[in-house]
Amino acid sequence: THLRMILYRLETKDKIVSLGRGTYRKVDIEARTIDWQIADTNKIVPIELPFGIHEYCKIFPKSIIILAGEKQEGKTAFLYETIQLNMSKFIIDLFNSETGPEQMKERFAPLNIPIPAPFNVYERYDNFADVVHPEHLTIIDYLDLNSEVYLVGAEIDAIFRKLTTGVAVIGLQKPPPSVTYTKSGKKEYHSRDLAYGGGFTAKRAVLYISLGGHKLKLLIVKTPKDPKVNPNNMQWSYNFNGTGYFTDIQRFYGDEFE
């Protein structure tokens, strides 16, 4: 009874907020001023991306890029190529939950990475925001919360809050394609663009890339580089070479190619 009275008094004085079921949080009155009028709109992060995607979008400091891909559709290849394209320009931290060191070495071998490698590699499985450097280029291969997919959005949000001038490229898993069997054989339908976690995974993304069925799609491009060109829903087709990296890349327009 005494504790309840203390909590009640703290709540009436706006010191705590009830979250229900006897749970409270401390009131947070901090709200940092954003001096947006002195911001430099030309301060674009010169990150390069596979498929030449950087030619279609602006990436500003404190940005989240989401790469959602089906299994064995090139998520790791895309992320490793991103590292290769940018390792001379940024401090890069790769957080790996996908492979062991031997397989990683084999996957990196075709990219001719110098020794010692000019980027950092760490083993990490969760709570990425705790270790993300706010100013670095962070690559996460990949963010997986197993059955608790509803928490993916919260994890991405925590990473976003940690960034200052840095950029995070986050790999996510997409559901497998639906399969039907007809007289002519097996057919796969790659109808879902978003990763496990659905719309929550896109909330913070300035660029959302979807991989599936040997197609890459720009699902969300928040700031196009050319205001006269809308890159949203642009697609490319691709294959893989013998080392598992992209080949035969070309623009895709439904049933027609450029």
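Predicted model: local features only at pLDDT ≥ 70, side-chain atom pairs only at ≥ 80, totals over all residues.

Me: Which residues gather in a patch of positive charge on the surface?

Reply: That would be Arg9, Lys13, Lys15 and Lys26. Arg9 has its place in helix H1, residues 2-12.

Me: Now the rings. How do I describe a pair of aromatic rings?

Reply: You give the distance of the centres and the angle of the planes. In this structure there are 10 aromatic pairs. Take Phe95 and Phe128: with centres 6.4 Å apart and planes at 70°, over the 60 degree cut-off, the pair is edge-to-face. Phe95 sits in strand S4 (residues 92-96), while Phe128 is in the loop between strand S5 (120-123) and strand S6 (137-141), so this pair links distant parts of the chain, 33 residues apart.

Me: Are Phe95 and Phe128 buried or exposed?

Reply: Buried means under 20% relative accessible area. Phe95 comes in at 3% and Phe128 at 1%, so both count as buried.

Me: What kind of pair do Phe108 and Phe119 form?

Reply: A tilted one, 5.4 Å centre to centre with 40° between the planes. Phe108 lies in helix H3 (residues 101-108) and Phe119 in the loop between H3 and S5, so the pair ties together parts 11 residues apart in sequence. Phe108 is buried at 8% relative accessibility, and Phe119 is buried at 9%.

Me: Which residues form one aromatic cluster?

Reply: Look for Phe51, Tyr238, Phe240 and Phe246.

Definitions and conventions:
Residues numbered from 1 in each chain as written. Heavy atoms only, no water. Patch = residues over 30% accessible without salt bridge, like charges linked within 9 Å, V, L, I, M, F, W, Y side chains within 5 Å. Areas by Shrake-Rupley, 256 points an atom, 1.4 Å probe, with all protein chains shown as cover. Salt bridge = Lys/Arg side-chain N within 4 Å of Asp/Glu carboxyl O. Lys, Arg positive; Asp, Glu negative; His and termini not counted. Charge placed at Lys NZ, Arg CZ, Asp CG, Glu CD. Helix = DSSP H or I, 4+ residues; strand = E, 2+ residues; numbered from the N terminus. Phe/Tyr/Trp six-rings, centres within 6.5 Å; stacked < 30°, edge-to-face > 60°. Buried < 20%, exposed > 50% of the residue type's maximum accessible area, 1.4 Å probe, protein only.
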